[in-house]
Amino acid sequence: MRRRMRRFAGALAAVALSGTTLLAASPPAGAEGTVRKCGYYEDAVTAWYNHCTSDGSHIWVYIDRAWPYGDVERCLGPGITDIGGAREVNNAWYSGRLCNP
């Protein structure tokens, strides 16, 4: 009986320790908004475009801006680029063409 209790206590301790390790590695609650997705996204102030690539390519991105700013196309490299204010930019998308920096 004591042997079973020791095994149970050992298993319980292992589960508890692994649970705390998993919790420590997890992002804090409410941090989902900080994950940078590929493509267009915005926060409360800024519009962003994240060109997710592993080949280093540069792409033309069409930026749909609110009136009176006028739409534009920009050549963007890999990674995250500030493309304007959140109130200024409505959306942005890859135009299907590569560009030279």
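User: What makes cysteine 99 buried or exposed?

Analyst: Cysteine 99 has a relative accessible area of 10%. Buried means under 20%, exposed over 50%, and partly exposed in between, with a 1.4 Å probe and protein chains only. So cysteine 99 counts as buried. A word on the basis: this is a predicted model, where local features need pLDDT of at least 70 and side-chain atom pairs count only at pLDDT 80 or more, while totals for chains, interfaces and linings use all residues. Residues are numbered from 1 along each chain as its sequence is written, and side-chain values use heavy atoms, leaving out hydrogens and water.

User: How do you know that cysteine 75 and cysteine 99 form a disulfide?

Analyst: Their sulfur atoms lie 1.9 Å apart. A disulfide is a pair of cysteine sulfur atoms within 2.5 Å. The pair therefore qualifies. Cysteine 75 sits in strand S4 (residues 72–76) and cysteine 99 in the segment after strand S6 (89–98). They are 24 residues apart, and the pair links distant parts of the chain. Strands are DSSP runs of E of at least two residues, helices are runs of H or I of at least four, and both are numbered from the N terminus.

User: Which hand does this disulfide have, and why?

Analyst: The torsion about the S-S bond of cysteine 75 and cysteine 99 is about 85°, so the disulfide is right-handed.

User: Why is cysteine 75 not put in the buried class?

Analyst: Cysteine 75 has 26% relative accessibility, so it counts as partly exposed.

User: How many disulfides are there, and what is their pattern?

Analyst: A search of the whole structure finds 2. Counting bonded cysteines along the chain, the pattern is 1-2, 3-4. Cysteine 38 and cysteine 52 form one of them, with sulfur atoms 1.9 Å apart. Cysteine 38 lies in the loop between helix H1 (2–25) and strand S1 (39–42), and cysteine 52 in the loop between strand S2 (46–51) and strand S3 (59–65), so the pair ties together parts that are 14 residues apart in sequence.

User: What makes arginine 65 and glutamate 88 a salt bridge?

Analyst: Their side chains meet at 3.1 Å, N to O. A salt bridge needs a side-chain nitrogen of Lys or Arg within 4 Å of a carboxyl oxygen of Asp or Glu. So the pair counts as one. Arginine 65 is in strand S3, and glutamate 88 is in the loop between strand S5 (79–85) and S6. They are 23 residues apart.

User: How many salt bridges does the rule give, and where is one that involves glutamate 73?

Analyst: The count comes to 2. The side chains of glutamate 73 and arginine 97 meet in a salt bridge at 2.6 Å, N to O. Glutamate 73 is in strand S4 and arginine 97 in strand S6, 24 residues apart. Glutamate 73 is partly exposed at 36%. Arginine 97 is partly exposed too, at 40%.

User: How do you know which strands form the open sheet?

Analyst: Two strands pair if DSSP finds at least two bridges between them. S2 and S5 pair in the antiparallel sense over 6 bridges. The open sheet has 3 strands in the order S1-S2-S5, with antiparallel pairing. Tyrosine 49 stands opposite threonine 81 in S5.

User: Why do S1 and S5 count as edges?

Analyst: Each has a single partner strand, so one side of each is left without a neighbour in the sheet.

User: What makes threonine 46 buried or exposed?

Analyst: Threonine 46 is found in strand S2. Its relative accessibility is 13%, so it counts as buried. Leaving aside residues up to four places away in sequence, threonine 46 touches Tyr41, Asp82, Gly84, Gly85 and Ala86. Contact means heavy atoms within 4.5 Å.

User: What about the whole chain: how many helices and strands, and how much is buried?

Analyst: The chain has 1 helix and 6 strands, in the pattern α-β-β-β-β-β-β along the sequence. Of its 101 residues, 25% count as buried. Among contacts between residues at least 6 apart in sequence, 57% join residues at least 24 apart.

User: Where is the cis peptide bond?

Analyst: The cis bond joins tryptophan 67 and proline 68, with omega about 10°. Proline 68 is in the loop between S3 and S4.
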